[in-house]
Amino acid sequence: METMIMRMPLRERKKQAIQTSVLQAAKQLFREKGYAAVTVSEIADYADISVKTLFTYFRSKEDLAFQDEILFCNELIKYLLGRREEDSIFEAFKQFLWNLIQSIDPEELVDSLPGFHPWMDSPELEQRYLLLWEHYELRLADALQLERGTTEFNPVLRVVAGQMVSVLRILGSKAFKEYLKPIPIALRHRALEKWLLGSLEMVSGIQGYSQLMKVH
């Protein structure tokens, strides 16, 4: 029996290629010049498209700066909801973060953590950066509610989402970046693993999520 390979339609592949090209161009320019010094026109020129075409795919320069974080949140939600039936939400979250840090090259560790791009230190992005974590919390809580077959607000789920976001927020903070920098590259993974395990121990109360929800 022949194996049929499903391919994305040409139009969708072209669309995805343009989005990827624009995002790579923006990230490269942000790295080299800083967020504030880069214009939308420069990004479009670098990606070899018009400004009009760029705005077809991205609403603003800010959206380009935060696109990786949006995708990261998507990946996290997909992983949590796709966990094995016998795994708790806490175990899935722990495994997701563990896989993440193990997948990053030690030499690129500091600048590769979620919410950790160098250009995010820009004062122009400060408000959007703060809203990022609220966005994460809302999306995680909504995903957990839908998993339970309800759209009704549940404060327990919001607490669970908030605890997960608290770990991500520290992981993506400038302060944590400064904490890692003095540590020799060969030891950074070990330091990060130790911090992660300690932090997860502090929020391990979300292991009781399943039992708590049975009561409500």
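This note walks through the fold, the core, the aromatic groups and the charged pairs of a predicted model.

1. **Overall fold.** The protein chain has eleven helices and zero strands. Read from the N terminus, the order is α-α-α-α-α-α-α-α-α-α-α. The protein chain has 216 residues, and 42% of them count as buried. Take the contacts between residues at least 6 apart in sequence: 69% of them join residues at least 24 apart.

2. **The nonpolar core.** The largest nonpolar core holds 62 residues. F30, I43, L64, F93 and L97 have the most contacts inside it. Domain 1 (1–58) and domain 2 (61–213) each supply at least three residues to this core. The domain bounds come from an automatic or database assignment.

3. **L64 as an example.** Which residues does L64 touch, once neighbours within four places in sequence are set aside? The list is V22, L23, A26, F30, I43, L54 and F58. Two of these names, F30 and I43, also stand among the core residues with the most contacts.

4. The model has nine aromatic pairs. In one of them, the ring centres of F30 and Y35 lie 5.2 Å apart. Their planes meet at 50 degrees, so this pair is tilted; an edge-to-face pair would need over 60 degrees. F30 counts as buried because its relative accessibility is 2%. Y35 is also buried, at 7%. Y35 has a charged neighbour as well: K61 lies over the face of its ring, at 4.1 Å from the ring centre.

5. **An aromatic cluster.** Six residues make up one aromatic cluster: F72, Y79, F96, Y129, W133 and Y136.

6. Side chains of opposite charge can pair when their charged atoms come close. The structure holds ten salt bridges. One of them joins the side chains of E137 and R158, at 2.6 Å from N to O. Where do the two partners sit in the chain? E137 is in helix 7 (residues 126–147) and R158 is in helix 8 (residues 155–171). The partners are 21 residues apart, and the pair links distant parts of the chain. R158 is partly exposed, with 25% relative accessibility.

7. **Other charged pairs.** R84 and D87 meet through their side chains in a salt bridge of 3.0 Å, N to O. Is R84 buried or exposed? R84 is exposed, because its relative accessible area is 53% and the cut-off is over 50%. E178 and K181 form another salt bridge, at 3.8 Å from N to O. E178 is partly exposed at 41%, and K181 is partly exposed at 42%.

8. **H189.** This histidine is placed in helix 10 (residues 185–202). H189 is buried, because its relative accessible area is 14% and buried means under 20%. What does H189 contact beyond its neighbours within four places in sequence? The partners are I101, Q102, I104, D105, P106 and L109. H189 and D105 are 84 residues apart in sequence, and their C-alpha atoms are 9.1 Å apart in space.

Terms used
Residues numbered from 1 in each chain as written. Predicted model: local features only at pLDDT ≥ 70, side-chain atom pairs only at ≥ 80, totals over all residues. Heavy atoms only, no water. Core = buried A, V, L, I, M, F, W, Y, C linked by side-chain atoms within 4.5 Å. Buried < 20%, exposed > 50% of the residue type's maximum accessible area, 1.4 Å probe, protein only. Contact = heavy atoms within 4.5 Å. Phe/Tyr/Trp six-rings, centres within 6.5 Å; stacked < 30°, edge-to-face > 60°. Lys NZ or Arg CZ within 6 Å of the ring centre and 35° of its normal. Salt bridge = Lys/Arg side-chain N within 4 Å of Asp/Glu carboxyl O. Helix = DSSP H or I, 4+ residues; strand = E, 2+ residues; numbered from the N terminus.
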